[in-house]
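Dear colleague,

I am passing on a structure that I would like you to look over when you have time.

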Amino acid sequence: MKDKAVRLLLVEDDKVDQIAFERYVRNENLPYDYTIAGSVAEGKEILQATHFDVIIADYVLGDGVSFELFELFKDTPVIVTTGTGNEEVAVEAMKLGASDYLIKDPDGHYLKTLPTTVELALKRKQNEKELRNYHEHLAFMVVERTTELNQSLDQERNLTRIIEQSLNEIFIFDADSYKFLFVNEGARVNLGYSHTELLKMTPLDIKSEIDAPSFEKIVTPLQIGKQEKVVFETVHRRKDGSTYPVEVHFQKTEYHSTPVFVAVVLDITQRKKMEQRYQELVEGTTDLITQVDAEGKLLYVNHMGKEIFGPDPGQLIGQDAFQFVHFNDRERTVAWFENCLNKKVLQDNIENRQINQETGAAHDMLWSTNFHYDELGKVASINGIAHDITDRKMVEIAIRKSEEQWGRTFNSFTDIVTLQDPDLHIVKCNRAACTTLDLSYDEIIGHRCYELFVDGSNEPCQDCPLLETKKTFEPYNREMYHKKLGKTFLVSASPVFDEQGNLEYIAHVAKDVTDIKESEKERLRLATAIEQATESVVITDLKGSIQYVNPAFEKLTGYSRKEALGQNSHILSSGKHDQAFYKKMWTTLLQGEVWSGHLTNKKKDGTLFEEELTISPVRNNEGQITNFVAVKRDVSKEIALEKQLQHAIKMEAIGTLAGGIAHDFNNILAAIISYAQIIKNEVAADSRVGKDIAEVLAAGQRAANLVKQILTFSRKTETEKQPLQPHLIVEEVLKMMEASFPSTIQIETDIDADCGLIMADPTNIHQVTVNLCTNSLHAMADQKGTLGISLQRCELSAAEMTGEPILSPGSYVVLTVNDTGCGMDKATMERIFDPFYTTKEVDKGTGLGLAVIHGIVRDAQGFIRIKSTVGEGSSFAVYFPILQEKISTAHESDQRVPLQGGSEHILIVDDEPLLVRATQRQLEDLGYRVTGTTNSKDALEKMSTSPDEFDLLITDQTMPGLTGAELALAAMEIKPDLPVILCTGHSDLPSKKKALAAGIKEYIAKPLVGDRLFRAVRSVLDGK
């Protein structure tokens, strides 16, 4: 070790860190005479026996924290090390008395700063002197900067150059009215007002601290020529209400032969912050300020006296200042004080330790003392300012961090930033330049920019803006493409002048605008997409005048772009919406809200169309609404589909109602027919009663047919569908029409015999054809005109199936019946399928014809399309899906046998008493034993009690309690071989096939006309 080696104690419990420390001291040949302690306790023990110049202690040790060393060994500076990476721990250590701190890192790089840290801890006096120099330098910088700004302002050659180059606020305002005549860009940017807004204002409108009388006092010396320039400080208020401090330079001159004031305004926010920081450094609460007399008695102590000395400042007055000096420093301090008095020293410094008499805490202080003497040379007062060395250390750290922060700020720019000399040599660059060029800082500095940007080129880039700036001393910018990087840059060059106004450097900024260029392309693509969109796009001004339409708008409305531009959007108004509707819409839009809704508008040719649209406000950069953009979709087809759906729902509801009515009517009609049949069987056919009852049965048959039509409309009956050739039925109907229609009706036919097979009930298809032809006949006045009938095969695409969402595209047979009759209006067409709706005279029809057709066609999975024009005629087109497979249409002919009776016991169940009695009597007349009941549960109980009593169950389907199907299943569980006949007038049972599959032997529809029931009874009992 060297003679002047630093005695150093390392308190560290981590062996790795101990070894790293020793290796570093050895490798760097540092003049340290060091000892290592592995714990706080061991460190205390060593310190009690040996004095050290510096202690380096880890923050957290196994048996405690290093803070304990601060209290026991206040004389020795302690440097705290911490591996947490948390500066808050280090700052807390500084507050508790540590001289400095080191933050560990895994690679041991922190040891590189160890010599500097130790040296700084040992040279506090030198650092204190540097801090004082820093204070003085800071004040000098403020004065120097202010002087430079004033000199710069005075040295400007003309007002135009100032306006063009200055980033400060520059105003020219009338000398009488004070109205602004000119404001520069710096004023607009700083204050946040537009150029127009500022030209309507005066200086009083932007100064938040000066009223009119005060402003008059400022400008009066300039008005009367007493002063050439006035400089003062005030506060400006921005448009958003925020304020900032400024320094204003007023000067009177002439502008366009008019007396004006020119104001150059400097934003002194940063200067104020510097002054405030300086004020805090000089007068901050961390400095101890005292005043003593020639004997060292305290005459004044500021509030820091409480922290440093212990007692309250008021209690310290009159006490001996030297009693608070550390015992080891007291003699030296007294000697220094007396020596200064003897030599009449005006100012001197001393470092000593002060003891807080209440807490015992020691403060290492740096004293700056001024000695004041009266005219006789006697001491008038001695003023001292004591600064804590720890605070000075923190200030040094703050300064270093500030410099680092400036560097980080410069390097945080994502744009390439370089500073180049007039020969284009790079003298400084930021990190973005290194990253973009993939070069180190040293590889860039000293090179010309074009050597790096153009792969070693010896010539500057073509149209280089830096050359323009070098030539004209003016800023320039230009887009340039970097071939190697494949990027486009916006390159800017700005001159930097020295104090003599000579070009010293050129500031060069290269902003990557590749993405911006791509965004421009994206905007172009967006415009193209709008032009090609299927939705209409319209842009209007605030009054609704059309400024843009896309081709979809032209196609939809019939107006060309040329015809639409400049027109008000009301050209599309249909008159379907009142003024209140449009007023509400415009109120919403002018409030800046989006409006969405439905409109019925009118095309150029007068045709109405339906559209859904959304109108959105368009705002400028200032948030003001400038336009409205409407995106519109034609929903005419969707509205038509919705109406068809509503009509289908209505027809379904009517069908349900009709089916319910038919059920009740069926029961009543069945009883009437049954009793009529009984009477017929008991009287002679040619008797008066026999003839009358025959009429009753005929009327019952007609009523039964009517009920069947109602059930067909409501799709509540089971039809006997089979594959059939529709042309055979149509041709049969044509023969009947030719024989029965008047000769004044001309019948035209076009029947395709190979149109295909369909699955339907032949009777129903016959009824559809007859009803349509009859309807057309009645539509022709005086039964004169032309009736056309066509049967053809057609292929329907998905587009042609619009409006029939439950059906599929494919092959169809279309039966078309058209006439030259009176035609129908829209209201009539919407109701033609309603039951009992008719336009015929009273007694001319029931109104069920087309309703029944609707039910038949729907049951056959088909649909109907109608065209009609009032006064010209109508056309009905009925579409049936074609069978894709050949299906045999052969049927065995029914074998009719004479009606037979029997002696079996039959159980009849029906909730209609009349029907039970009538059926029971008829069966008894045929020899059967019959038990009748109107209660399904009662019937089940009879079956449970005497299952072998009954040979056959005849039950109605729709009954309270148990339905017929439920009763049949329950009875067959009791007696599995029991045959069941199910009767229904309105079947909500699944299909006939499902009923028979469940074990029910027969399924008969009401009313029971003729002897069908009795033949079914015999057939079931015989097991046929």
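The notes below take the cavities and then the cysteines.

This is a predicted model, in which local features need pLDDT of at least 70 and side-chain atom pairs count only at pLDDT 80 or more, while totals for chains, interfaces and linings use all residues. Residues are numbered from 1 along each chain as its sequence is written, and side-chain values use heavy atoms, with hydrogens and water left out.

The structure holds nine cavities of 30 Å³ or more (a cavity being a set of points on a 1 Å grid over the protein atoms alone where a 1.4 Å probe fits but cannot get out, with lining residues having an atom within 4 Å of a point; points are joined across faces, edges and corners, and a volume is the space filled by probe spheres set on them). The largest cavity has a volume of about 300 Å³, and of the 21 residues that line it, Ser569, Met585, Leu613, Ile615 and Lys632 are the closest to its centre.

The second largest cavity contains about 240 Å³ of space; its lining comprises 19 residues, with Val292, Ala321, Phe322, Trp336 and Trp367 nearest its centre.

As for the cysteines, the structure holds zero disulfides (pairs of cysteine sulfur atoms within 2.5 Å). Cys429 is in no disulfide, and the nearest cysteine sulfur, that of Cys434, lies 4.0 Å away. Cys429 counts as buried because its relative accessibility is 3% (buried means under 20% relative accessible area, with a 1.4 Å probe and protein chains only), and Cys773, at 1%, also counts as buried.

With best regards

Notes. 1 Å grid on protein atoms, 1.4 Å probe; cavity = no way out; pocket = protein on both sides within 12 Å on 5 of 7 lines; lining within 4 Å. Buried < 20%, exposed > 50% of the residue type's maximum accessible area, 1.4 Å probe, protein only.
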